[in-house]
Amino acid sequence: MGAQNPLDYEDAAQRDGFPLRIRVSDGRHDAEAAVHVALVDRNDHAPHIHGATEHRIREDVPRGTIIGRYTTSDKDAGDTAR
């Protein structure tokens, strides 16, 4: 993955995180550390509503009348997909 791509937990190639080596120097002393960057799932995708998103109804429609049914999808995974 290059730096131009956003981090995304739903991308299977990114889900396990990334190994990262960090090296610091003050000009005299150097230090290195191995770090693992883990991604966590969060609700970062809005749900998508499939079908009509607007319905017009008369004011005298009986209570309890179904005016529409919707199917939605969400790119989020796990608990944040609800």
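Modeller: Gladly! Let us begin with a definition: a nonpolar patch gathers nonpolar side chains, such as Val, Leu and Ile, that lie within 5 Å, from residues with over 30% relative accessible area and no salt bridge. Please keep in mind that this is a predicted model.

Biologist: Which residues make the nonpolar surface patch here?

Modeller: Leu-20, Ile-22, Val-24, Val-35 and Val-37 make it, and the patch covers about 360 Å². Strand 1 and strand 2 are the elements that give two or more residues to this patch. Strand 1 provides the largest share, three residues.

Biologist: Why is Pro-19 called exposed?

Modeller: Pro-19 is also found in strand 1. Exposed requires over 50% relative accessible area; Pro-19 has 72%, and therefore Pro-19 is exposed.

Biologist: Which residues does Pro-19 touch, leaving aside those up to four places away in sequence?

Modeller: Those are Val-35 and His-36. His-36 is also the bridge partner of Pro-19 in strand 2. As for Val-37, its C-alpha is 6.3 Å from that of Pro-19, although the two are 18 residues apart in sequence.

Biologist: How do you know that strand 1 and strand 2 pair?

Modeller: Pairing asks for at least two bridges between the strands. Strand 1 and strand 2 (residues 30–37) have eight bridges, in the antiparallel sense, so they count as a pair. Together they form a hairpin with four residues between them, and Gly-27 in the turn has a positive phi of about 95°.

Biologist: Why do you say that strand 1 lies largely in the open?

Modeller: Buried means under 20% relative accessible area. Of the eight residues of strand 1 (residues 18–25), zero are buried, so strand 1 lies largely in the open. Across the chain, buried residues make up 9% of the 82 residues.

Biologist: What is the secondary structure of the chain?

Modeller: The chain has zero helices and four strands, which gives the pattern β-β-β-β along the sequence.

Biologist: What makes Asp-30 and Arg-23 a salt bridge?

Modeller: The cut-off is a side-chain nitrogen of Lys or Arg within 4 Å of a carboxyl oxygen of Asp or Glu. The closest N and O atoms of Asp-30 and Arg-23 are 2.8 Å apart, so this is a salt bridge. Asp-30 is partly exposed at 49% relative accessibility, while Arg-23 is exposed at 57%.

Biologist: What about the side chains of Glu-32 and Arg-23?

Modeller: They meet at 3.9 Å, N to O. With the limit set at within 4 Å, this too counts as a salt bridge. Glu-32 is exposed, as is Arg-23.

Biologist: How many salt bridges does a search of the whole structure find?

Modeller: The search finds four. One of them joins Asp-60 and Arg-58, whose closest N and O atoms are 3.0 Å apart. Asp-60 counts as exposed at 52% relative accessibility, and Arg-58 is exposed at 59%.

Note on methods:
Residues are numbered from 1 along each chain as its sequence is written. This is a predicted model: local features need pLDDT of at least 70, side-chain atom pairs count only at pLDDT 80 or more; totals for chains, interfaces and linings use all residues. Side-chain values use heavy atoms; hydrogens and water are left out. Buried means under 20% relative accessible area, exposed over 50%, partly exposed in between (1.4 Å probe, protein chains only). Patches are made of residues with over 30% relative accessible area and no salt bridge: like charges are joined within 9 Å, nonpolar side chains (Val, Leu, Ile, Met, Phe, Trp, Tyr) within 5 Å. Accessible areas come from the Shrake-Rupley method with a 1.4 Å probe; for residues, only the protein chains shown count as cover. Contact means heavy atoms within 4.5 Å.
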